[in-house]
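Please open the structure in a viewer and keep a selection tool at hand.

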Amino acid sequence: MSNQKVPLIQAEHVVKHFPVKGGIIPRNVDSVKAVNDVSLEIYPGETFGLVGESGCGKSTLGNILLGLERPTGGKVLYNGTDVYRCGRAARKKLRQEIQVVFQDPYESLNPRMMVGELVAEGLNIRGGMSGEEKHRRVLDMLEQVGLNPEHYNRYPHEFSGGQRQRIGIARALIVEPKFIICDEPVSALDVSVQAQILNLLSGLQKKYHMTYLFIAHGLNVVKYLSDRIGVMYLGQLVEVADSQELFRSPRHPYTQALLRAIPDVDRVDGRLPETLSGDVPSPLALPEGCLFHPRCGQCTEKCKTVRPELRQVGSTLVRCHLCGGS
């Protein structure tokens, strides 16, 4: 992680609610509370891992940081620039410097375009390069992500899932971004291919000094790639810690449960990983108090009525009444 104290990207009390319409005459009757008062900072050169169960709001938060989903409340700053209140010229620059690698490489690639056209899209939008320069640039980028020059004139359906994800990575990198949001980029791939893509992302980050937000379902995927990890539950960050510290000494009961659920190939007693009891509450009707208390075996009466704040406990930020701190 970089020692710089100035964050590259900063979310301040971000909230995102999606309206739910109902009635004979459609009107807003409720809202899905997808993101609830999230604040975080990501520093130049680091990888910030964001994990949590499906529906916890991590992809919505990623879209907000990307500039695709306007927040209901709060703000997002990129290098000190408000992403949603800047002018047209500034937004064009932001779209070049902030890129995304999507979860499903097949769905994110136009099946009617050849690989060379897909990767060159960003260069076409940016302009200022001749056709020959763009061709050379695309070939060089394909080589850097592990593809061959003959792949230039092929279509996405001719590739495996891992190769398609390499195409997606090349398309994101072609405009030389500073910040890349990796939205579960390996979850749709075979386990053997996941390691290859993770190693590729790590090597490219070191080469180009990029900053990553790496979104994933499980902690085991982000363990070796992330400098810091944020754990989300029902639209809130419940724990933020250095990667090694989080695995060594998890503080929030939800983080502890996620770690216990990781399969261990070295387990000799034959026991299966532990699982969380109960279902995730509906984001339409969030529980009072701590959002995790209906599934927490350690909850107290205070947990059921008073919503905890994210506070500093040692070197960790944690949202839990059971953890002491300043």
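Which residues have the most contacts inside the largest nonpolar core? Before selecting them, note that this is a predicted model, in which local features need pLDDT of at least 70, side-chain atom pairs count only at pLDDT 80 or more, and totals for chains, interfaces and linings use all residues. Residues are numbered from 1 along each chain as its sequence is written, and side-chain values use heavy atoms, with hydrogens and water left out.

Select V119, V138, I169, L204, F214, L219 and V231, which have the most contacts inside the largest nonpolar core, a set of 56 residues. A nonpolar core here is a set of buried Ala, Val, Leu, Ile, Met, Phe, Trp, Tyr and Cys residues joined through side-chain atoms within 4.5 Å. Buried means under 20% relative accessible area, exposed over 50%, and partly exposed in between, with a 1.4 Å probe and protein chains only. Helix α6, residues 191-208, gives the most to this core, with 6 residues. Helices (H or I, at least four residues) and strands (E, at least two) are DSSP runs, numbered from the N terminus.

Now centre on I169. Leaving aside neighbours within four places in sequence, I169 is in contact (heavy atoms within 4.5 Å) with V101, V145, I197, L200, L201 and L204. Another core, of 31 residues, lies apart from the largest one and includes A34, L66, V83 and M232.

Display the strands in the order β2-β1-β4-β5, which form an open sheet of 4 strands with antiparallel pairing. The edge strands are β2 (27-42) and β5, each pairing on one side only. Two strands pair if DSSP finds at least two bridges between them. Strand β1 (residues 9-22) pairs with β4 (residues 73-78) over 5 antiparallel bridges. Within this pair, V15 stands opposite G73, and Q10 has L77 as its bridge partner.

Move on to β5 (residues 81-82), which pairs with β4 over 2 bridges, again in the antiparallel sense. Here L77 has D82 as its bridge partner. A hairpin is formed by β4 and β5 with 2 residues between them, and N79 in the turn has a positive phi of about 55°.

How much of helix α9 (residues 253-260) is buried? Because 6 of its 8 residues are buried, α9 is largely enclosed by the rest of the structure. Select P253, Y254, T255, A257, L258 and L259 to see these buried residues. They pack against α7 (219-222), β9 (228-233), β10 (236-242) and α8 (243-248).

Next select V115, G116, L118, V119, A120, G122 and L123, the buried residues of α3. These pack against α4 (131-144) and α5. After α3 comes G127, whose phi is positive, near 75°.

Select R95, Q96, I98, Q99 and I125, the closest to the centre of the largest pocket among its 24 lining residues. The lining divides into 11 nonpolar, 7 polar and 6 charged residues; Ala, Val, Leu, Ile, Met, Phe, Trp, Tyr, Cys and Pro count as nonpolar, Asp, Glu, Lys and Arg as charged, and the others, Gly among them, as polar. On a 1 Å grid over the protein atoms alone, a pocket is an open set of points where a 1.4 Å probe fits, with protein on both sides within 12 Å along at least five of seven lines, and lining residues have an atom within 4 Å of a point.
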